[in-house]
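User: I would like to learn how to read the features of a structure file like this one. Please take them one at a time.

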Amino acid sequence: MSERNASALREPLTDEALEQIAGGKYRGAVFMYTIQPGETLAVLAHRFGTTVRILRELNDITDAEQVKAGVTIMIPQR
């Protein structure tokens with residue numbers, strides 16, 4: 001997927017929603033991204049300049065089974 005297509009999936013969250021994310025720990029801008037077939041958290045972390053740990057924490061991911069195509073997750077913006 002190209003960066004152009006990825007940016008088309010970005011959807012800014014409201015200030016109220018940002019306050020609820022990970023107990024208010026992530027106050028910076030995030031966007032929603034729908035995982036595509038073959039993508040992993042490691043691939044997404046590299047593509048969007050973040051870490052797997054941050055993606056797991058931000059999205060409350062405790063089980064790798066939660067990371068599959070069609071699932072929408074939050075990604076912090078750089």
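User: Which residues form one aromatic cluster?

Analyst: This is a predicted model. Phe31, Tyr33 and Phe48 form the cluster. The structure holds two aromatic pairs. In one of them, Phe31 and Phe48 sit edge-to-face, 5.4 Å centre to centre with 70° between the planes.

User: Which parts does the pair of Phe31 and Phe48 tie together?

Analyst: Phe31 belongs to strand β1 (residues 30–34) and Phe48 to helix α3, so the pair links parts 17 residues apart in sequence. Phe31 is buried, with a relative accessible area of 2%. Phe48 is also buried, with a relative accessible area of 2%.

User: Why is the pair of Tyr33 and Phe48 edge-to-face?

Analyst: Planes over 60 degrees apart count as edge-to-face. The planes of Tyr33 and Phe48 stand at 65°, with ring centres 5.4 Å apart, so this pair falls in that class. Tyr33 lies in strand β1 and Phe48 in helix α3, so the pair ties together parts that are 15 residues apart in sequence.

User: Is Tyr33 buried or exposed?

Analyst: Tyr33 is buried, and so is Phe48. Across the chain, buried residues make up 33% of the 78 residues.

User: Why does Asp60 count as exposed?

Analyst: The cut-off for exposed is over 50% relative accessible area. Asp60 has 58% relative accessibility, so Asp60 counts as exposed.

User: How many helices and strands does the chain have, and in what order do the elements run?

Analyst: The chain has four helices and two strands. From the N terminus on, the order is α-α-β-α-α-β. For contacts between residues at least 6 apart in sequence, 54% join residues at least 24 apart.

User: Where is confidence lowest in the chain, and where is it highest?

Analyst: Confidence is lowest in helix α1 (residues 3–8), at a mean pLDDT of 42, and highest in helix α3 (residues 41–48), at 94. The chain averages a pLDDT of 77, and 64% of the residues score at least 70. Over residues 1–9 pLDDT stays under 50, and the model has 13 contacts for them beyond four places in sequence.

Definitions and conventions: Residues are numbered from 1 along each chain as its sequence is written. This is a predicted model: local features need pLDDT of at least 70, side-chain atom pairs count only at pLDDT 80 or more; totals for chains, interfaces and linings use all residues. Side-chain values use heavy atoms; hydrogens and water are left out. Buried means under 20% relative accessible area, exposed over 50%, partly exposed in between (1.4 Å probe, protein chains only). pLDDT is the predictor's confidence in each residue, from 0 to 100. Contact means heavy atoms within 4.5 Å. Rings of Phe, Tyr and Trp (its six-membered ring) pair if their centres lie within 6.5 Å; planes under 30 degrees apart count as stacked, over 60 as edge-to-face and the rest as tilted.
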